[in-house]
Structure formats: structure tokens, C-alpha cells
Amino acid sequence: MLSKKLRYLRYGLGMIFASLLLAGCSSERPSILLPVSPKANAEANLFLIIFWISVAVFVIVEAALFYSVIRFRGKNAEDVPPQIHGSVPLEIAWTTAPALVLVVVFVLTWQTLQATAAPPLDSMPVLVTGNQFWWKFDYLDQQVSTANELHLPVGRPVRLLLETKDVIHSFWVPQLGGKMDLIAGHQNVLWLQADKAGEYHGQCAELCGASHANMRTKVIAESQVNFDAWIQSQKTPSTTPTNPALVKGRDLFLGNACIGCHMIRGTTAAGAVGPDLTHVASRSTIAAGLLENTSANMARWIDNPPAIKPGVLMPKLNLSQDDITSIVAYLQSLK
Ligand code: HEC
Ligand SMILES: [Cu+2]
């Protein structure tokens, strides 16, 4: 008897511990329950309303169940309860009550869909191209192209025009609301707005190959002033090195296969298979959020990309460590 009680106590403690662990996931993590945009707010509210309706239904049904089980329990194992066949009032009650609940949920969902579907007219267009396994962002009005890190001015709606170069991907930044597929031959539109400055993490949400899980994105919401400054710096061509060590790095880059896949505006490199590297040093991460953008990580990356990111289109090029060091020094000068 005692051991049974102890077992229940252990289960109980285990459940409390597990829920504490899960609760620890909330802050600092991309969660739809920490919305920072009008759209994500509307979606989170809808979720919470439906959640509490479900809780109420659960509590009512379970209470009725427990009440009946205890109240009408037979005293002897042989007791047979009175047999009842059909009850019109009950049938009507348990058909209409759920139907009414579903009507309420339907109306609320419809309203939220209407309020969040169409992008506001003054939204800023950004072309998003999904690639195995990174995101290309082209700011159409500003003529700026970057990869994986999407800068946005706070409080301004943005219209993302979603296309893919290869397979189906899905763009999803939970705190900004919505999730939308990128499919071949068709442009989908998803609009976003960040109401609070900060960094919001996103993840490709459609299995797209070996490194699907390594296809992350980061939204950097900043003041209009900072955003304009960022746009200005991104618009300029790459800095031409004068320091001999950096000149050596640039020449190695331009003399290698790199230029077949990467663009560095202001040089002869005009490839379009991989990310534009004109301002690669201004990004905080490389390889779609996989590595922090440090010289050591970039050297590791250039040395052997498939070892870091399975399935990646950038091959191991068998460069010497010296050459890699020079190339990295040059790339890290491209602020
Ligand atoms: C066959 C095409 C190809 C070649 C050749 C190539 N790359 Fe790449 N590179 C890519 C692709 C594709 C990515 C994006 C990988 C990802 O994140 O999934 C990439 C990513 C990078 C990145 C990270 C950029 C970022 O913002 O995430 C750097 C740096 C880089 N390459 C440098 C080089 C250098 C230096 C060379 C030459 C030694 C080179 N690449 C050769 C295709 C190529
Ligand atoms: Cu993907």
C-alpha cells in the first residue's frame, strides 16, 4: 500500500519537474506565445481562446464522468444497472452544445484570417528566395541583396514575396506570425511586422533535404534610422583592399572556384549559386545561422563545408590552411 502511494508521489513529482523543464523553454525562445507583431498577437489570442474553450470542455466532461462513476457505482459486482435506451433531450443537448462551440470557434478563426491575410498597402516588398539550405533576401525598393539575416524597421509592415530556386521550403518566424510555403513556379505572399526592436529567430518549416534543420533565419528589427543606415552600407560596393595581406586574400578568392558561386560587388566575382558576400562581415552568423561569424568558424567552413552542413552545395575545395587564412582575412574585411 505504502509503496503504491510512493509510486504515485514519484509520478506526480516527475510531472511537475517535466512541466517546469518545458516552462523553461518559453523566454528567449521563438514561441508563438511571445508575439511581437499585430498579426502574431491576433493569432496568439485566437490560440488562447480556443485553448481555454478546450480546457472548459475537458473540465466539464471529466467532472460529469467522475461524478457518474462515483455516484452510480454498483455496491456488488453482480449489480446490473437499470438499462435505458435513448433520451431525446440528452441527444439534442450533446449535439447542439458542441455544434455551438464549433460555430464560435469558426467565427473567431474567420475573423482572425480576414484581419491578418492581406498585406497592408504601404508594406515594403522583399523578395525571399529559398535555396538548399539558405535564404536570399532582395530588398526590391532599395536594390539590396543579403542572406539569412533579414533587417526590418520597427513598426513597418513588410511584404515577403516567397519563391524557391529548388524544392519546397517554408518561411516561419514564430514571434512575427504566420508560416508560408515557398513553392516552385508560384509566388506566395506573407506579410510581417515587428513592433519591438530585437532579434527574432526563424526556421525553415518544410523538410527540404539533409540540412533542413540547419536552414535558419534571423530577423533583426531596428529603428528606422538604424535600418536606413544598414541599407546605405549594404548598397555600397565592397571595399577594395590596400593592405597586401588582404590583397592576397582577394586575389586568392578571385582566382578560385569561389567566383563561380559567389558575388562580391566591386570585383569580378558574380556567381549566384551561394550568398552574396559583398558585406559578409556585417552578418552575425554564416551558413544560415549555423555558425557564429568569426574568423575561426569561417576558416572551418571554407576548409570543409559538407563536414559542417550535410548536403550543402559548397564543395570542399582542398585549399591550403595558409590560403584559407588569407581568404578569411579578406572576407572579414567586407563589413
Ligand atoms: C559550387 C558553388 C560554391 C563554391 C564553388 C563556393 N561556394 Fe561558398 N557557398 C555556396 C553555397 C550554396 C553557400 C550557402 C551554404 C548554406 O548556408 O547552406 C555558400 C556559403 C559560403 C559562405 C557563408 C556565407 C553566408 O553568409 O552564410 C562563405 C563565407 C563562402 N561560401 C565562401 C566561399 C569561398 C571562400 C569559396 C572559394 C574558396 C566558396 N565559398 C566556394 C556555394 C559555393
Ligand atoms: Cu528549407
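Predicted model: local features only at pLDDT ≥ 70, side-chain atom pairs only at ≥ 80, totals over all residues.

Biologist: Which residues of H5 are buried?

Modeller: Buried means under 20% relative accessible area. In H5, five names pass that test: Leu 246, Gly 249, Arg 250, Leu 252 and Phe 253.

Biologist: Why do the buried residues of H5 line one face of the helix?

Modeller: Look down the axis of H5. The buried residues line one face because their directions fall within an arc of 160°.

Biologist: Which residues are exposed on the other side of H5?

Modeller: Exposed means over 50% relative accessible area. On the other side of H5, that label goes to Pro 244 and Gly 255.

Biologist: How far apart are the end C-alpha atoms of helix H2?

Modeller: Helix H2 covers residues 38-71, so it has 34 residues. At 1.5 Å a residue, H2 should span 50 Å. The distance in the model agrees: 49 Å.

Biologist: What do the buried residues of H2 pack against?

Modeller: The buried residues of H2 are Lys 39, Ala 40, Ala 44 and Leu 46. Their packing partners are helix H3 (88-117) and strand S8 (188-192).

Biologist: Is Ser 37 buried or exposed?

Modeller: Ser 37 sits in the loop between helix H1 (2-23) and H2. Its relative accessible area is 0%. The cut-off for buried is under 20%. Therefore Ser 37 is buried.

Biologist: Which backbone oxygen does the side chain of Ser 37 reach?

Modeller: The side chain of Ser 37 reaches the backbone nitrogen of Ala 40 at 3.0 Å. It also reaches a backbone oxygen at 3.0 Å. That oxygen belongs to Leu 176.

**Around the ligand**

Biologist: Which residues come nearest to ligand 1?

Modeller: There are 26 residues around ligand 1. The nearest are Cys 258, Cys 261, His 262, Ala 287 and Met 314.

Biologist: How far is a polar side-chain atom of Lys 309 from an oxygen atom of ligand 1?

Modeller: Take the polar pairs in turn. A polar side-chain atom of His 262 is 2.8 Å from a nitrogen atom of ligand 1. A backbone N or O atom of Ala 287 is 2.7 Å from an oxygen atom of ligand 1. For Lys 309, a polar side-chain atom and an oxygen atom of ligand 1 are separated by 2.9 Å.

**A buried aspartate**

Biologist: Is Asp 276 buried or exposed?

Modeller: Asp 276 lies in the loop between H6 and S11. Its relative accessible area is 11%. Buried means under 20%. So Asp 276 is buried.

Biologist: What is the distance in space between Asp 276 and Lys 136?

Modeller: Along the sequence, Asp 276 and Lys 136 are 140 residues apart. In space, C-alpha to C-alpha, the distance is 8.6 Å.

Biologist: Which side chain makes a polar contact with the side chain of Asp 276?

Modeller: Set aside neighbours within four places in sequence, and Asp 276 is in contact with Ser 145, Met 263, Arg 265 and Arg 283. The polar contact between side chains has a distance of 2.4 Å. The partner of Asp 276 there is Thr 278.

**Backbone exceptions**

Biologist: Which peptide bond is cis, with omega near 5°?

Modeller: Most peptide bonds are trans. Phe 133 is in the loop between strand S1 (124-131) and strand S2 (134-139). The cis bond runs from Gln 132 to Phe 133.

Biologist: Is Asn 318 buried or exposed?

Modeller: Most residues other than glycine have a negative phi. Asn 318 has a positive phi, near 55°. Its loop runs between helix H8 (305-308) and helix H9 (321-331). At 61% relative accessibility, Asn 318 is exposed.

Biologist: What is the relative accessible area of Ala 288?

Modeller: Ala 288 has a positive phi of about 60° and is not a glycine. It is found in the loop between strand S11 (285-286) and strand S12 (291-292). Ala 288 is buried, and its relative accessible area is 0%.

Terms used. Residues numbered from 1 in each chain as written. Chains lettered and ligands numbered in written order. Heavy atoms only, no water. Helix = DSSP H or I, 4+ residues; strand = E, 2+ residues; numbered from the N terminus. Buried < 20%, exposed > 50% of the residue type's maximum accessible area, 1.4 Å probe, protein only. Arc of directions from axis to C-beta. Contact = heavy atoms within 4.5 Å. Polar contact = N/O pair within 3.5 Å; in protein donor to acceptor, adjacent residues only side chain to side chain. Expected span 1.5 Å × (residues − 1). Near = heavy atom within 4 Å.
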